[in-house]
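Please look over the model below before reading the notes.

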Amino acid sequence: MKAALALAATMTAALAGPGAAQQRIPVGHLMDNSGATSDVGVPYGQGVADTLAWVNQTRQGIAGRPMNVLGFDYGYQAPRAVSQYQAWTGRERVVAIQGWGTADTEALVRFVNRDRIPFISGSYSAALTDAGGKSGRAGVEASPYNFFFGPSYSDALRGMLRWAADDWKARGQSGRPKYVHMGGNHPYPNSPKEAGEAMARELGFDVLPAITFALTPGDYTAQCLTLRQQGANYAYLGNTAGSNISVLRACQTAGVQVQFMGNVWGMDENAMKAAGTAANGVVFPVRTQVVTGQDAPGMEAIRAISRVSDPTGTVYRPVHYLAGACAAMLMVEAMDTAAANGGQVTGERIQRAFYERTGWVPRGFEGVCTPSTFTAEDHRGTMRVAIYRAVVGGETSQGSVGDLIRAGTMRLEPVATVELERKRELLGW
Amino acid sequence: MTVMTPAGDFRGSYRADTTIFPTFGSRAALWAGIAVLCLAPLVLDRYFLGLLINVGTLGIAALGLNILVGFTGQISIGHAAFFGFGAFASAWLHEAFHIPVLLAIPLAGVMTAAVGLIFGAPAARLKGLYLAIATLAAQFILEDFFARARWFTGGVAGRITESPAIAGFAFDREESYFYLVLAFVVVMFVAASNLMRTRDGRALVAVRDHYLSAEIMGINLAYYRTLSFGIASFYAGIGGALYAHHLLFVSVEAFNILFSIQFLSMVIIGGLGSISGSLMGAAFMVALPEVVQAGADAIAGGAVDRALRIGGNISFLREMAIGAAIILFLLFEPDGLARRWRLIKAYWKLYPYSH
Amino acid sequence: MDGALLFQLLLNGLIVGALYGVVAMSFVLIYKASQVVNFAQGEFLLVGAWTCWWLLVEWQLPFWAGFLLTLAFMTLFGIVLQVVVLRPLIGEPVISVIMATIGLGIFFQALMKWIFGVFAKPFPPVFSADRVSVLGLEVQSAYLLSLGISVAIMAGFGWFFRYSRHGLAMRATAFDQQVAQSLGISVPRVFAMSWAISAVVSAVAGVTVGMVNGVSSALSFYGIKVFPAVILGGLDSVVGAVLGGLIVGVLENLSQYADSQWLNWGNLTQVAPFYALLLILLIKPYGLFGTKNIERI
């Protein structure tokens, strides 16, 4: 009797063993390939998708179990993202989600908290970094399950302002420089506004009243003339690339001499091509330590990932692609940690795995992904802001982005790397 | 309410004549339908329940628009703004005044009706195209208001809301929320049917059919046009509030001009001037993206997929399908699904004499 | 009060307003001739801009050749749309026609994204001088080109509607369709012609905006600006449409000035035209130059 039971138990275990090992791990992936932010959503989403596919191909997924990546293009319409989330939690029971923009991230904060599913977003709003909800800022909720790779919008702006202050002195200018925040009336451009203006005042800037321009392309000559008349020296462009291009061109035509500082999503190689020489000189933060074309040990892995969707290896990968790859790898390594020693891959364990490492660079991506450190209270992964300058030398209408970079008409020049102090009172805004 | 009445079925009293369900069959069909829907949460999964909830909330708002456009002959391209107002109002009432959600929803409807009346008063002077453009302007202006009124809407960041709750039981799962929405749908639709058989309802239809004659007969045009806006906004507000407490998050981005156009599409596809048509139109617009997605998944990987690169461009196909559906319905079935349904019923009832 | 800045804003407003006027003209043309409200005007701009870009970049044609080919294509495009979609809807209520044009707009917006992708693409340089100085304000040459073309179009329209047979036929149809038909004018042909001309004029505006801002799917938002302009000017007046466009352009720039100097609301520029629209509708519903509709029992 006992022997029979033991035999039955071993047989069930033997049958269940390989079955469990083969069961795919469901992971959600929200993208915007067609909506308002698709010009930056496409390369980032491609980076994430390619990376997860590469992990499945070359590393046999997570602890031998491939990931079932459920990609969904929600067109930047939050309700669609929410209903897809319901489907994912109800049917497939995803364990983690690669998210995208402010719309879906904000909409899902409470849901992912309730369901305990880590959400790695493409929205770098500082409000998401206050994991414990203890910063005391109005309207900031505890978001222990929200993570992102790279500096927050506010920290990136603070870093650029630090650089701007040094740049002002280095140019030999005297007196107080003038700073102005430009952007649409929308949570994404507004996110770092307060932080930027406070930091600017601290550093000795004169803060001019903010200038608004819409998130759609249009004629912004009036804004540029206002900019010139107010005598601004440094202007922060808070929108995505599409409308920033209109402002840059309008200001170039109007002859405005301002140092423009973009945000992470506001300038990239595609925007440089679209704006042409108007984008020359714009500085913006880069989340990774290198860009395509520079060399680092980790670029080997990036090239392998790129070949997933581009076997010929000729397509140029913009900065967002690399950032997407790093964001995906953070999630992958956290899942690896959760699955180590036969553990269950659940949302809670993945979240705790995020806190296990300091100065975290995914294995094989050294020199590419900036080191990140997450703690239970503080989800500011990195305080390092790498600033690059867009250099455009000539006509950009002919040829693809890759051709223009190879010909040297366009290039990204590293300017400075600012390391901010991790101050308690700057958490969450 | 042109339900086929069998020969020999006559009315003996005025009250019997104005009943909403003239035959036993139609009344029984309604009860059977409600019973079947009540069983739905036991059978369907969360995703489909979520779709049905969407059909319900959007259907209520579409019914409001149908009262305005189909029954009164006005035009409104700003319906999403009122829908959004209802959503924000309900969230704000709950958060600022701690009114229980189940009470906040009807109150939000009333608030939205008030706003609708304010917009309806000047709109009553305009006709046709000018009215359409005025409502378009109202849409943009309300959107701007939502974006800037932080105290009301939470500004551009939006606001998180709670699920309705009675005595500790929270309607936070799809299964329970479905029943709440079903109750509201039944109540609102019966109310609308009832409205259409009263004096005011007939006055609205008279304003649509020939407003000069209506005015000559003593119907106050400005009053009824404004009233129509108010009623439509009430329905939009209720729909919006239900939507807000389902998604648990409201933000200004969701209520844009494209959403207004979707409501108009629901009304046109469902059938102008038909109450059941509103629900059919809402169901069609919710089902269309799903069908397109399913179709794209079915041919994924095949030769057609590779040739047209459908896989990556599925969202564009969805949008194109919506645009094409609107145009095709207008060309081939201008009276909407309601009329097609009536024709199908007539075919079966009059067989073999129908052709 | 900074007089120099104000003057420059005014000038910029007039120049950009001329562009809005061009778009408004094409809208009014369709409405005047066939009583159809074209909510897809913005998508006409988009299709024109992408077609011209494609001809210039993929086929490496010189600008004038590409531009003329684009205009020819848009003529065909307008005619086909009118025949296939709008002709069956003659006589249907206003709401149906509006929805049909909205459906067209949605369809073409998505189609352009499918074919050309989601990234903004720059136009190849056309002029040797990128910008020109006008009375102290640096203006993009493209805007001046559009200004020149719109003046030419207005002059052309003036001649067309007064002296040419087809122009007179269009005016007759707009005035009274039945009488025009009884006199032997082919009303369907007049409708098709009006759509064709409107499409061509929109393409001009689209190419201009594409040259200035690069071509992207958000170009169609220029179509929304049409409504304040035509309401201000009157729905059935071509001159009114141009004036309405100029007013909207100046209004936007002046609101930006007022906003930055005194109000600091942030987005007065975007909503000011719509507030103006509502105001005009309340006071003078037929616009500045529109014909008052006298209702007969």
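The notes below are grouped by topic.

This is a predicted model, in which local features need pLDDT of at least 70 and side-chain atom pairs count only at pLDDT 80 or more, while totals for chains, interfaces and linings use all residues. Residues are numbered from 1 along each chain as its sequence is written, chains are lettered from A and ligands numbered from 1 in the order in which they are written, and side-chain values use heavy atoms, with hydrogens and water left out.

**Interface of chain C and chain B**

- Contact, meaning heavy atoms within 4.5 Å, involves 42 residues of chain C and 40 residues of chain B.
- About 3,900 Å² is buried between chain C and chain B, with 82% of it on carbon and sulfur atoms; buried area is the accessible area (1.4 Å probe) that two parts lose on being put together, summed over both.
- On the chain C side, C:Ile95, C:Met99 and C:Trp114 lose the most area to chain B, and together they make up 20% of what that side buries.
- There are zero salt bridges between chain C and chain B, where a salt bridge is a side-chain nitrogen of Lys or Arg within 4 Å of a carboxyl oxygen of Asp or Glu.
- Zero residue pairs in polar contact (both at pLDDT 80 or more) are found across this interface of chain C and chain B. A polar contact is a pair of N or O atoms within 3.5 Å; within protein, one must be able to donate a hydrogen and the other to accept it, and residues adjacent in sequence count only if both atoms are side-chain atoms.
- The elements giving two or more residues to the side of chain C that touches chain B are helices H3 (63-86), H4 (94-116), H9 (222-233) and H11 (268-283) of chain C. Helices (H or I, at least four residues) and strands (E, at least two) are DSSP runs, numbered from the N terminus.
- H4(C) provides the largest share of that side, 15 residues.
- By class, the side of chain C that touches chain B has 35 nonpolar, three polar and four charged residues. Ala, Val, Leu, Ile, Met, Phe, Trp, Tyr, Cys and Pro count as nonpolar, Asp, Glu, Lys and Arg as charged, and the others, Gly among them, as polar.

**Interface of chain A and chain C**

- Here 38 residues of chain A are in contact with 39 residues of chain C.
- Chain A and chain C bury about 3,000 Å² between them, and 53% of it is on carbon and sulfur atoms.
- The interface of chain A and chain C has zero salt bridges, but ten residue pairs are in polar contact (both at pLDDT 80 or more).
- H8(A) gives the most to the side of chain A that touches chain C, eight residues.
- That side of chain A divides into twelve nonpolar, 20 polar and six charged residues.

**Salt bridges**

- Over all chains, the structure holds 23 salt bridges.
- One of them joins the side chains of A:Asp206 and A:Arg176 (3.1 Å, N to O).
- This pair links distant parts of the chain, 30 residues apart: A:Asp206 is in strand E7 (residues 206-207) of chain A, and A:Arg176 is in the loop between helix H5 (153-170) and strand E6 (178-183) of chain A.
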